[in-house]
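Biologist: I have a model open and would like to learn how to read it. Could you take me through it step by step?

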Number of protein chains: 2
Amino acid sequence: MSENITLSLEEVRQLSESVLTSNGFNQAHARAITDIIYTNQLGDCHSHGLYRLFMCVESIRSGRASGTAEPTIIDAGPAVVRANANDGISLLAMQAAMPLLIEKAKRNGIAALAINRCFHFSALWPEVEKLSEAGLAGMAMLPSHAWVAPAGGTRGLLGTNPFAFSWPRQGKAPFTFDFATSQFARGEIELYRRAGKPLPEGVAIDHEGKPTTDAEAAMHGAMLTFGGHKGSALSLMIELMAGPLIDDLTSKESMEFAEGKPEAPYHGEIILAFDPNLLSGGRVAENNERAERLFADVIDQGARLPSQRRQAAQAFNLERNALEIPKALYDDLLKLKV
Amino acid sequence: MSENITLSLEEVRQLSESVLTSNGFNQAHARAITDIIYTNQLGDCHSHGLYRLFMCVESIRSGRASGTAEPTIIDAGPAVVRANANDGISLLAMQAAMPLLIEKAKRNGIAALAINRCFHFSALWPEVEKLSEAGLAGMAMLPSHAWVAPAGGTRGLLGTNPFAFSWPRQGKAPFTFDFATSQFARGEIELYRRAGKPLPEGVAIDHEGKPTTDAEAAMHGAMLTFGGHKGSALSLMIELMAGPLIDDLTSKESMEFAEGKPEAPYHGEIILAFDPNLLSGGRVAENNERAERLFADVIDQGARLPSQRRQAAQAFNLERNALEIPKALYDDLLKLKV
C-alpha cells in the first residue's frame, strides 16, 4: 500500500515549474517542460510525468544540459524545419518549431521537423497529439541508448527507440499510440531485478548474448526488440530516420556521449506531419467517417484502441481539476527544490 | 524433390511479358508489371516473382482490373503526388509517378505519393529501393484484406498490411526491409493446412476468436499481428495512412469489394520519400559514414541486415545472367498464355 496525495492541476504545474526554475531552468524552458510533464501526469502516465523531473534536474546539475539555451529554428527546405536545441532539453525547441511544422504540412501536404542537439526525456504522444489538434496526422521517432540487441545479435546497439503516431478524429480525442520498440522498457527490467522476479522469455540476453530470464544478467547483457526480426528492422529504421537522416547521433553514439551519467539521453528526434486535406484530394469529411468505421469495428469486437485508458484518465482528472500522486514522490520532489 | 529449370534473365522477362500481353495487358502495363516481377524473381523472392502472374491474369479475366488504363498523375500539392491507377494494376501508376515524387522530395526535403484505385499484388521493396537508387530514403505501406484481428479482438479487420523501408548506402546495395504486419503471411497458413501441420501458438484465432493452432480453423477465423498490441497498433496506422488519409479503401472495404474472388486486392498505397541532403543540412557524406558504422555494428556481432540474403541472390543471378524456377511453375505459366 502506498499513500497518495491529491494535487490540484494548478498545483501540479506550479510544483513542476518551481522545481525546474529553482534548479536553473529559465521560465521558457520550465514552461515547455512543465507543459509535457503535466500532460503526462494528467493522463496518469506516471513514468513520464512528475517523476521525470529527477532526470531533468540531473541533466542540468551535471553541467551538460543548458537551462537557458535559445533554440535556433531553421527553415531548411520548403517542407523541412530543423530546430537546434543548442544542448537544451528538447521541449522548448519542439514547442518553438511546431507552428512552422504545421504551416509547412498544410501548405505542402507533408512536412518534417528535425530536432537536433537536444537532451530528451519525454514521451512522444503529446507531440503527435499537438499535430492532431491541428487536424494533421503525426508520426515521431527517436533513438535512446544502446541497450537493445538487433535480432540475431549478441550485444546492445539499438535504443529502446520509441515510435508514436496520431490521427485526428473530428470531434473526438485522437487515435494515438506511442510504444518502445524494445520488448520491455529499461525501467521494467530494473523493477524485475529489484523484486528478484524472473523475466519472461524473449525479453533479454546476458553478456554472452545467450537468452536469459535473470534480470540481473539482463542488466549486464542486452534487451531484445518486440516482434523479433520485424521489430529489430523497425528499430534500425528509427536509428536511421532520427540519426543519420537528420545529422544526429545513433543510440550507440548517444550512450558514449553520456559516459554513464544518469542524465537524459542526448540525440535528435524526427517528427512528420501529414495533411489529410491535400493527401485525400480535399475529401476529409468522407474519410473521417471511413476512419470512424474502422475504429468502431475495433471496439465492436471487444478490442481497445491504443490510448483509450490514458484519454479516459485525462478526461477524469480534468473534470475533477485534480490528480493523485504518491506521497513519497511528492516529498522527494520538494527536496529537489534548491 | 522438385525439378527446376534454368531461364536466362531475358527469358524471364519475355515469359512474363508474353503471359501478360496475351491476356489483354497492353505493352506499357506488361512492362511495368514485368519490371517488378523480374526484380523479385532475380532476388529468388519466389512468392512475389513469376508466381504472381496467376493473380494478374485472374484480375484481368474477371473483367474488373483494366489492362489498358492510363494512370492519371495529379500534382496535388507542393510535396504530394496523387496517381490514380484508374482500376489498373498499381505498377504502371507507380512507375509513371515516381520521377515526380523524387523531384518533389529533392526540392522540398520530403514528399508523398498516393496511388489510388489500383489492383495490387506486388512486394513493396522494389518501390522503396527505386527511391534509394535516387539517393532518397523511402517508406511504403498499404492495406490488403481483412484477415487479421486487432489485438484483443475476435475477428478479421486488418490486412496483412506490409511496411517497407529503404535507406541509400553510398556505393552499396541499400538497407531495405519489407514485412507483413501479420505474424504469418496468408499463404503460410494455407501451406500448414495442406500439410496438416499445427500452427505455432500466437499466429491465429478460430471463428469464435479463441487462440488456435489448427490451420483449418485459422482459415475460418483470423490471423494475428506480429508483436502483440504494438504490431496491431502499427497495422491500424497502415490502414489509416494508406486508406482514409489518401481517400482510399480500408482492408475491410477492399475485401467487401472483392466479393471473394481470387483477384489482386483493390485499394490504395502510400509511398514517402525523404531527402538526406535537406534533412541533414547538407551533411550527407558524414552521415552516410555514421549509418555505415551502425550497419557494421550489426554485422560484427553476427546478426544479419534485412535483405542481405535477397541482395546476394540478386547479385549471383545477375552475374550468371540466369535463374532457376520450378519446372512445374514454368509449365503452368505457359498454360496461362492464350
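Predicted model: local features only at pLDDT ≥ 70, side-chain atom pairs only at ≥ 80, totals over all residues.

**Fold and interface**

Modeller: Happy to! Residues are numbered from 1 along each chain as its sequence is written, chains are lettered from A in the order in which they are written, and side-chain values use heavy atoms, without hydrogens and water.

Biologist: What share of the residues in chain A is buried?

Modeller: Buried means under 20% relative accessible area with a 1.4 Å probe, protein chains only. In chain A that holds for 59% of the 338 residues.

Biologist: How is the size of an interface given?

Modeller: Often as the accessible area lost when the parts come together. Here chain B and chain A bury about 6000 Å² between them (1.4 Å probe, summed over both), and 70% of it is on carbon and sulfur atoms.

Biologist: How many salt bridges does the rule find across the interface of chain B and chain A?

Modeller: The rule asks for a side-chain nitrogen of Lys or Arg within 4 Å of a carboxyl oxygen of Asp or Glu. It finds ten across this interface. Glu253(A) forms one with Arg290(B), their closest N and O atoms being 2.8 Å apart.

Biologist: How many residues are in contact?

Modeller: Counting heavy atoms within 4.5 Å, 74 residues of chain B touch 74 residues of chain A.

Note on methods: Buried area = accessible area lost by both parts, 1.4 Å probe. Buried < 20%, exposed > 50% of the residue type's maximum accessible area, 1.4 Å probe, protein only.
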